[in-house]
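Come and have a look with me.

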Amino acid sequence: MESEIKKIVKKLKNSKYCVALTGAGISTESGIPDFRSKDSGIYNYVSENVFSIELFYTQPEIFYNFARKWLAQVITKKPNKAHYALAKLENKGILKCIITQNIDGLHHKAGSQKVYEVHGNIRTSHCLKCGKEFDFTYVKNELIDKNNIPVKCNLCGGIIKPDVVFFGEQLPQDFMSAIEESKKADLMLVLGTSLTVYPVAMLPEYCDGELIIINNEPTPLDSRATVVINKPLGETFELIEMELAHVADYFV
Ligand code: ZN
């Protein structure tokens with residue numbers, strides 16, 4: 001482990017364009033349940049159909065009944081050491097951006113600036129009828145505090161949909177940007193994703209640079225990676241930061 005940490009830090013220091021790709025694993029360490037994990041995954045008790053756009057158009061209350069419980073849990077969660085370490089790496093000019101499949105906004109909460117959210121986010125929502133944008137506070141008040149299901153536009157009464165990418169929807173501009181960033185990267189940190197769910201799983205394929213994979217379990221790209229660590233992200237980044245402290249001025 002020690003030599004692997006040293007290797008990672010050396011790669012970070014020498015990289016010209018380092019990007020991070022983060023998956024559910026970084027959020028589960030903050031206590032946010034994963035959708036697909038075998039035992040505790042949300043899809044074990046909720047059908048994937050809750051994120052079907054067809055179903056949302058006809059029966060939005062099915063999504064909102066699920067979202068009410070999920071959101072009530074998510075808003076209490078905080079970024080962990082790995083989120084903060086990534087924000088710091090960006091602040092120090094080492095990390096150029098984060099590409100994430102998570103919709104919980106924890107990278108923003110940790111202070112990261114350039115974050116591409118390839119599955120969308122819950123900070124904003126739009127009215128399907130008139131297009132009015134709503135911030136998270138409006139949706140939280142309507143959904144969690146008032147239990148108004150489905151959440152409706154205060155202007156025209158249309159149904160509001162969070163800016164999360166549903167199954168059957170086009171991928172957002174952020175995904176196109178993520179492909180460009182992956183192509184530019186000479187070093188990609190692949191964090192907390194088992195690289196099995198497309199289209200996110202194909203992003204490292206666009207990267208000709210080196211891969212560093214930190215995930216609880218093996219991934220299909222482990223053989224291509226320069227370093228693979230199967231340990232929790234929080235404790236791994238704690239060690240990385242300790243090693244980075246040897247870099248002059250890192251904690252100034
Ligand atoms: Zn409206």
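My entries on a helix pair and a sheet follow.

I am working with a predicted model, where local features need pLDDT of at least 70, side-chain atom pairs count only at pLDDT 80 or more, and totals for chains, interfaces and linings use all residues. Residues are numbered from 1 along each chain as its sequence is written, and side-chain values use heavy atoms, leaving out hydrogens and water.

**The helix pair.** I looked up helix H1 (residues 2–14) and helix H9 (residues 233–244), whose axes come within 9 Å and cross at roughly 65°. Helices (H or I, at least four residues) and strands (E, at least two) are DSSP runs, numbered from the N terminus. Axes are lines fitted to C-alpha atoms, for helices over the stretch in contact, and angles run from 0 to 180 degrees between N-to-C directions. In H1, I found Ile5, Lys6, Ile8, Val9 and Leu12 meeting Thr236, Leu239, Ile240, Glu243 and Leu244 of H9; contact means heavy atoms within 4.5 Å.

**The sheet.** Next I found an open sheet of 3 strands, ordered E5-E4-E6, with antiparallel pairing. Two strands pair if DSSP finds at least two bridges between them. At the edges I noted strand E5 (133–135) and strand E6 (160–164), each pairing on one side only. Strand E4 (residues 120–127) is joined to E6 by 4 bridges, and I saw His126 opposite Lys161 in E6.

**Helices on the strands.** Which strands does helix H4 (residues 60–74) lie across? I found E4 and E6, with H4 running at about 55° to E6. Helix H7 (residues 136–145) packs on the sheet too, touching E4, E5 and E6.
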